[in-house]
Every structure is written in C-alpha cells, then in structure tokens.
Amino acid sequence: MEQKTLKYLRVLIPGFIILIGLLPLQEQTENGITIVKSLNFNYMILLAVIIGAIYYQLNIQHIITRLSHYLIVKNINDQLINIHGKLKENQKKIIWKEEIYLDVFYKIVDKDESLKIKGENVRFNGIFWTSSADSFLISLVYFFLYYLNILKLNNNKNEIVTFALIISILSLILHIISVIKHIKLSNTQLKTIKNC
C-alpha cells in the first residue's frame, strides 16, 4: 500500500469511527420508529474527512501511540546499535536523542528492493496500529458519554454502552497485536540489514 493512500486512510478511518458512534443518536418518532437521516455517500465521505482531519490535527491518537511508537523505534535503535558494534553510553544517548538511527534505517531500506517490499508490509500493518488506537480512544469516549447519558439515548442504552466497551477492549487488543507484529516485521528488515 502506498504511503499516500495510508495518509488518506489515517484521516478517513477515525472520521468514519466518529460518525458510526453517533448512529445511536438518530432521531426517533413518538412511537419509537427510527428516522434514518440519509446522507449521500459522497457527503458522508466529505464529513468523515473533515472530522478525521480535525482529529488528526489535534494528534489525539498520540495518547495511545506514544508508548507503542517508543517500543517500536527503541527496538530499531537497539538492533542497529548491535549491528554496528560497541558504542559508548554517551554515543548511544546522542544517537537516541537525535533519532539518527531512524535516518540510517530508512536510507538503507530505501536503497534495497527486498527491504522496500518488507517495508510495504510494515506500512500496511501501520494502518492497523494507528486505526486500532483511534478506535480504542473514540469508542472509550463514546462508552463514557453513553454510560453517563451525556448523549441522550432513548432506547437500548445498556446494549449500546456494552457494545462501546466491547469495541474499546477489542481495539486495545488489536493495537497490542499490531505493535508486536510491527516489531516482528521491522526485525525481518533488520535481519536482512545485518546479513548485508
């Protein structure tokens, strides 16, 4: 998957998740029949992009991805230092602080076709990594909003609250799995670099 496509998905997916979370708030008639407000599909995509863009610009997902990103890049840094050989502690600190290891890593990956192919797998997994963080945060917010009845629900409150909690838990599990897979995928790249 191309980098450009991934960037669009990182805006579009959280926008759609936010819209889906609003579905239980559809207007109801007096006799309980739901009135579905139909939006043209193009308008829905436009709305999802706008909402997703605001979400993306606020960098909200960083609440979750900060720790997992640290684990991923620390693994790359540690592996590259091991490949390079012995370094003094102050050299390791400089490399870590200035993120020199990432520059080196991506330069090597960009020059080798087999590493580029493996890099596509890493980028594809990256969409699960970020989207699961988005889904976890957004569904957790909806869980609390619905649980505290801040967003007024007319019917099926318990089911909606439970559903939001289940989605939140499943999203967190998927996020953890995607981080583990991300590290494994980057390790396959690092193994190739080590064998060069």
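Me: In this predicted model, at what angle do helix α1 and α2 pack?
Reply: We're looking at a predicted model here. Helix α1 covers residues 3-21, and its axis sits 7 Å from that of α2. The two pack at an angle of about 105°. Angles of 65 to 115 degrees count as roughly perpendicular, so the word for α1 against α2 is roughly perpendicular, at about 105°.

Me: And which residues of α1 make that contact with α2?
Reply: On the α2 side, the contact involves Met-44, Ile-45, Leu-47, Ala-48, Val-49, Ile-51, Gly-52, Ala-53, Tyr-55 and Tyr-56. Facing them from α1 are Arg-10, Val-11, Leu-12, Pro-14, Gly-15, Phe-16, Ile-18 and Leu-19.

Me: How are helix α5 and α7 arranged, roughly parallel or roughly perpendicular?
Reply: Helix α5 takes up residues 100-111, and its axis is 11 Å from that of α7. The packing angle is about 80°. Since 65 to 115 degrees is the range for that label, α5 and α7 are roughly perpendicular.

Me: Which residues of α7 touch α5 there?
Reply: From α5, the contact uses Phe-105, Ile-108 and Val-109. Their partners on α7 are Gln-189, Leu-190 and Ile-193.

Me: Stepping back, how many helices and strands does the protein have?
Reply: Reading from the N terminus, the elements go α-α-α-α-α-α-α. That leaves the tally at 7 helices and 0 strands.

Me: What share of the contacts with a separation of 6 or more comes from residues 24 or more positions apart?
Reply: The protein has 196 residues, and 33% of them are buried. As for the contacts with a separation of 6 or more, residues 24 or more positions apart account for 77%.

Me: Which helix gives the most to the nonpolar patch on the surface?
Reply: The patch is formed by Phe-124, Phe-128, Leu-165, Ile-166, Ile-169, Leu-170, Ile-173, Leu-174 and Ile-177, with about 780 Å² of accessible area together. Two helices, α6 (113-147) and α7 (157-195), each supply at least two of its residues. With 7 residues, the top contributor is α7.

Me: Is His-182 buried or exposed?
Reply: His-182 also has its place in helix α7. Leaving out residues up to four places away in sequence, His-182 touches Ile-72, Val-122, Asn-125 and Gly-126. The cut-off for burial is under 20% relative accessible area; His-182 has 9%, so it is buried.

Me: What's the phi of Asn-59?
Reply: Most residues other than glycine have a negative phi. Asn-59 isn't a glycine, yet its phi is positive. Asn-59 has its place in the loop between α2 (41-58) and α3 (62-84), and at 43% relative accessibility it counts as partly exposed. Its phi is about 55°.

Me: Which residue forms a salt bridge with Lys-116?
Reply: The protein's salt bridge count comes to 2. In this one, the closest N and O atoms are 3.4 Å apart, and the two residues lie in helix α6, 3 residues apart, about one turn of the helix.

Me: What separates the C-alpha atoms of Val-141 and Leu-165?
Reply: Val-141 lies in helix α6 and is partly exposed, with a relative accessible area of 47%. Along the chain, Val-141 and Leu-165 are 24 residues apart. Their C-alpha atoms are separated by 9.6 Å.

Methods: Residues numbered from 1 in each chain as written. Predicted model: local features only at pLDDT ≥ 70, side-chain atom pairs only at ≥ 80, totals over all residues. Heavy atoms only, no water. Patch = residues over 30% accessible without salt bridge, like charges linked within 9 Å, V, L, I, M, F, W, Y side chains within 5 Å. Areas by Shrake-Rupley, 256 points an atom, 1.4 Å probe, with all protein chains shown as cover. Salt bridge = Lys/Arg side-chain N within 4 Å of Asp/Glu carboxyl O. Helix = DSSP H or I, 4+ residues; strand = E, 2+ residues; numbered from the N terminus. Buried < 20%, exposed > 50% of the residue type's maximum accessible area, 1.4 Å probe, protein only. Contact = heavy atoms within 4.5 Å. Axes fitted to C-alpha atoms, helices over the stretch in contact; angles between N-to-C directions. Parallel < 35°, antiparallel > 145°, perpendicular 65-115°, else oblique.
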